[in-house]
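Subject: Structure handover

Hi,

My notes on what turned up follow below.

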Amino acid sequence: MKIAVIAVIFFYNISIFADSQDNKPKKNQVYKIPDVEGFPLSDIKEPNKQEKDIVAEEPTEEIEKFYISNVRALPISEGFANRPKELEKEKLLIAGRIQFRGMSGQRESSFNNGSSDYNAVDWNFRRLRFGFIYEGNKWWGMLAQIAMEKQSVGPYISSKTNPITGAVEQVEINKSQGSIYQANLWFHIPVMESMLFLGQIRLPFLREWSSAANLLTPERSYANSTLPQFDLGAQYVFHPLSLFSDKYKNHLLVRGSITNGTGASSESVGYKSGLTETRGGSRPLLISPAYHWRVTYDPFGGFIRDGYDVGWHEGEEIFQSNQRLSIGIGGMHMNELKVMSSYEPFTRGVSNQTFLTNQSSESGGLVRQDLPDYNVDNTITTPSRKQFDLQALTYDFTYTVNGYYASGAYTRFRGQASNDTETYNYTLGYVIPIKSMYLMPTYRYEVIEGDFNRNGRRDNTDILRSHWLGVNLFAERHLMKFQFFYQIENDRYGYDPISNQSRDMDNNKFYFQVQMIFWSGAVKMED
């Protein structure tokens, strides 16, 4: 097909040359001609020209005139008729990441055959990402990232039948999850070194919502399992100190966003593309926006590249011997909690757990005005419990000096949807240089608690604790990283029929994870 198209273009040009020799191309020029039916741009050369004689030149006025006069009759795919005015400022970066891991657990975890501890290994892709960053000029561009690990398992249909009548009562499509992880347009604004992002954005709230490529444990903490970290909307980022000093402009960063509040990531439970989408009427129409914000202060500066401070990049500070400290505070608010994330315990017989309660009915209440709330299911709206609102604040820090590492975070949720949930975690480590590599023994402790079943108290099953102990081996910093960790869980998911009490299940796990990353192109990652 492509050969035929080129032939048509060639003979079309030959007929024009016969009428006007002035338009005949120079001997050493190559012209970029748009192909037909969506083919990429093709090189149309003079016939019988030797490859060694072809010289690619910068666009000139003569070439542009030839292009306009001789190619204007050819069909051009809509949207691809123009290029940026300053081509020398156009830049492109492509990037990809693979995280592959093996997991093995005790007999009550999901990662063995149930007869004894650690007798099987589940090999799987934790992350399989590919994307690009495009810079049309210094002040505008776009980026997109695809999460392909969710597509490694195809969707399937599951159904439930009535055991008495045999009738099918429920049919669901499982694993039908979106793969657009991040996609947005961005604009540089020459006021306080600002940037505006529009599209599917990473929300400015938790510190650990920075790139998972730089995580020091195989998984994020419990706090990550409360809310989606991506959503559709707008985000504004600026550096207030740039008004006073270029040297210290990266020490203070402020971010704020207004979004749909529906979730948009393949790691959330949203999987939605619009605010008014109700999934065929199966969900109420909730249109209140979500607000997120975050402020970080780095008193000793950020990541140093080629002698310049390029700002704080979480996870890169461990490779610097100088003292580094980052202090952060973030918050969020929404009047109607539409979607939430969930925690997957990887434990036999235990389904995913949610720490918040989303709004599943229309705002304003569904019951009679004279019916008191305590006679109504406390997971739906009532005339006095009109909405399931949610507010949260998080406080966090990261500190390193001479190889020693410490970080921590405390997050508290309030509102009708919160279940009085609060969570905290801290991480300790030490970086040991080994020639060109780094070895980092790491320990993390985390807790989350609340009234998850909304019974008015905190039971043993409402408190989860986890210990992570392991090592990171950075063969090429985060570009090639090996992680070997053991997770000890205290979750009280089990039941002891003798004592009639909950018990801790035997579901501790080993993780072995390998990560490799590439990024190649003209755009700098810190831009």
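Rings of Phe, Tyr and Trp (its six-membered ring) count as a pair if their centres lie within 6.5 Å. On that basis, Y118, F484, Y486 and F510 make up one aromatic cluster. Bear in mind that this is a predicted model.

Aromatic pairs
The structure has 22 aromatic pairs. One of them is F100 with F125: the ring centres are 5.2 Å apart and the planes sit at 65°, so the pair is edge-to-face. F100 belongs to strand 3 and F125 to strand 4, so the pair ties together parts that are 25 residues apart in sequence.

Surface patch
F100 and F125 also belong to a nonpolar patch on the surface. Strand 3 (91–105) and strand 4 (122–137) are the elements that give two or more residues to it. F484, from the aromatic cluster, sits in strand 22 (residues 480–490). F484 is partly exposed, at 43% relative accessible area.

A buried threonine
T421 lies in the loop between strand 17 (404–414) and strand 18 (422–430). Buried or exposed? T421 is buried, with a relative accessible area of 0%. A polar atom of the T421 side chain lies 2.8 Å from the backbone oxygen of S418. Leaving out residues up to four places away in sequence, T421 touches F355, L356, T411, R412, F413, R414, I448, E449, G450 and F452.

Best wishes

Notes:
Residues are numbered from 1 along each chain as its sequence is written. This is a predicted model: local features need pLDDT of at least 70, side-chain atom pairs count only at pLDDT 80 or more; totals for chains, interfaces and linings use all residues. Side-chain values use heavy atoms; hydrogens and water are left out. Patches are made of residues with over 30% relative accessible area and no salt bridge: like charges are joined within 9 Å, nonpolar side chains (Val, Leu, Ile, Met, Phe, Trp, Tyr) within 5 Å. Accessible areas come from the Shrake-Rupley method with a 1.4 Å probe; for residues, only the protein chains shown count as cover. A salt bridge is a side-chain nitrogen of Lys or Arg within 4 Å of a carboxyl oxygen of Asp or Glu. Helices (H or I, at least four residues) and strands (E, at least two) are DSSP runs, numbered from the N terminus. Buried means under 20% relative accessible area, exposed over 50%, partly exposed in between (1.4 Å probe, protein chains only). A polar contact is a pair of N or O atoms within 3.5 Å; within protein, one must be able to donate a hydrogen and the other to accept it, and residues adjacent in sequence count only if both atoms are side-chain atoms. Contact means heavy atoms within 4.5 Å. Rings of Phe, Tyr and Trp (its six-membered ring) pair if their centres lie within 6.5 Å; planes under 30 degrees apart count as stacked, over 60 as edge-to-face and the rest as tilted.
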